[in-house]
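Student: I would like to go through some terms used for protein models. Can we take them one at a time?

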Amino acid sequence: MYGSNRTNGGTIVGTNRRADSNLWPVLGLDAETAPSILIILAGTVLIGGALYFSHGNIFAGAAVLAVMGLLLITWYRVDLSLYVLYGMVLVFDQFHIPGFYPITYTLDFFRNLKEISFLPTISAGVMNPIEIHLVLILFVWFLVVAIKKRFALRSVPAWGPAILFFGWLLLAYAMGIQQGGDFLTALWEVRALFYLGVVYIVVPQIIQTRRQVEIFMWVTIGAITVKALQAIARFIALGFSFGGRPTLTNHEDPVFIVTLFVLAIGLVLFNSKHRQKLILLLLALPLYMGFFLGQRRAAYASFIISMGAFVFLLPRIARWKFIKAAVPVVILALIYFAAFWNSNSTLASPVQQIKSGIYGLDRDVVSDQDYYSNLYREYENYNLAYTTRRHPVMGVGFGRKYEQPLGLANINFPLRDYIPHNEIFWVIVKTGGIGFFLFWLFFNSVGAKAASLSMRIQDPYLKAIAVMIAIAIINQMTVSFYDLQLTYYRNMIYLGALMGLLPTLEHLAPEKGENNAKQ
């Protein structure tokens, strides 16, 4: 009844070959291009279904189209899919900026599926687009590895401390839930750190060539610049003012911009001839404006500490070159600080930000807003210290409130009783002294690896990136001491991706003494 199959040019041909040959030409296709019509038909059905069930919401149809495109991109080249995910994380907004509703926020990229406004409500949809995309990347990567039968994993730095730290996070999560903690709250608390861990492992498995590293850095530069330009556009639209708003960017954006400053200076000092140096120099002013419009005291503190650490990481000749160039800048900065010390103008904003950090609780010096903000943080820190003394070894676990002998003001933050501003203290409260030790063991180990690698690498471009990664860790830890950014998805994915580049940099770096390093 059924004829036997045979191969013809690699294609399996059966007894119904005549029917196929008569059907596909009518549609302008052949047996090899026929799948395209199936994809188009499937896409049409899915998009139509999305529009029907969402009552004509165009965003729902666009979401289905985006998912289909993402599936095709991931299957075609998994590294392109990783660039897309990384770029979207940096471009989209996790939190609302008061007074603005840009598409980078309204698309709900960071929300759980059940919370996305233009999708049908699914009570079990606790995953978000980031997690779905990561799962897709991992699935395709594992599938390709299985097909090619190459199971060699590129080792990540400090894998021992990493296993201990993330293992302890899981234990603290389970302990918190077992002792009555809220499941979803605990999930909100640890999600970002686990994103860091996953990306930290995934990036070196996919980004393995110099060209891929360069594309990765282009995505970094482009996405962060978009956020700076977005802030500038708002500043112009408000009549070259803040319009009474506390900030024109996300809290994270100035932190990211600091790392680009470090990369730009590194490329200059190491005499790299890479095009990214020229582009970063041309973007210096808009990037600074983006940093300025962020209005984040924590970012100013992290910038100062990052620059200090950067000086110590430089080779002796480059260090003196940097210091000589910095002297006139420091003198101008001192003059600027003296001139605007008591000014409340827009131009004086950086001075007042730093001033409020130095004289935090002096009501004769700082504004009422900064005074009460600093006082709130002092109350938080007291409560955190009190909780730590009562749970010194294991901590309270995730999903449980920290103790509050001092009552806190009712701020507009639903996780106020679980996540404080000082997220370095938050780590010891949630994971105890053991978890706190493992936290620093992990990040210090990776930071030390990045610093050591930057001293050994001779290639100017790769050397600048290694320095940037070392400073990015210091930068993130500093800002996390002042502001809640260890639980922000964007921060942790960005930092984890940078840290994940270290094995690739080490693999690509020429041995010390080679003279033919690429610039």
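Tutor: What follows is a set of questions on terms and the values behind them.

Tutor: This is a predicted model, in which local features need pLDDT of at least 70 and side-chain atom pairs count only at pLDDT 80 or more, while totals for chains, interfaces and linings use all residues. Residues are numbered from 1 along each chain as its sequence is written, and side-chain values use heavy atoms, with hydrogens and water left out.

Student: How many helices and strands are in the chain?

Tutor: The chain has 20 helices and two strands. Helices are DSSP runs of H or I with at least four residues, strands are runs of E with at least two, and both are numbered from the N terminus.

Student: Why is R210 called buried?

Tutor: Buried means under 20% relative accessible area, exposed means over 50%, and partly exposed is in between (1.4 Å probe, protein chains only). R210 has 13%, so R210 is buried. This residue lies in helix α9.

Student: What makes the pair R210 and D459 a polar contact?

Tutor: A polar contact is a pair of N or O atoms within 3.5 Å; within protein, one must be able to donate a hydrogen and the other to accept it, and residues adjacent in sequence count only if both atoms are side-chain atoms. The side chains of R210 and D459 are joined by such a contact at 2.8 Å.

Student: Why does T225 count as buried?

Tutor: T225, also in helix α9, has 6% relative accessibility, so T225 counts as buried. A polar atom of its side chain lies 2.6 Å from the backbone oxygen of I221.

Student: Which residues does T225 touch, leaving out those up to four places away in sequence?

Tutor: T225 touches L283 and L287. Contact means heavy atoms within 4.5 Å.

Student: Is L171 buried, partly exposed or exposed?

Tutor: L171 has a relative accessible area of 39%, so L171 is partly exposed. The residue is located in helix α7, residues 159-178.

Student: How much of the chain is buried?

Tutor: Of the 519 residues in the chain, 50% are buried.
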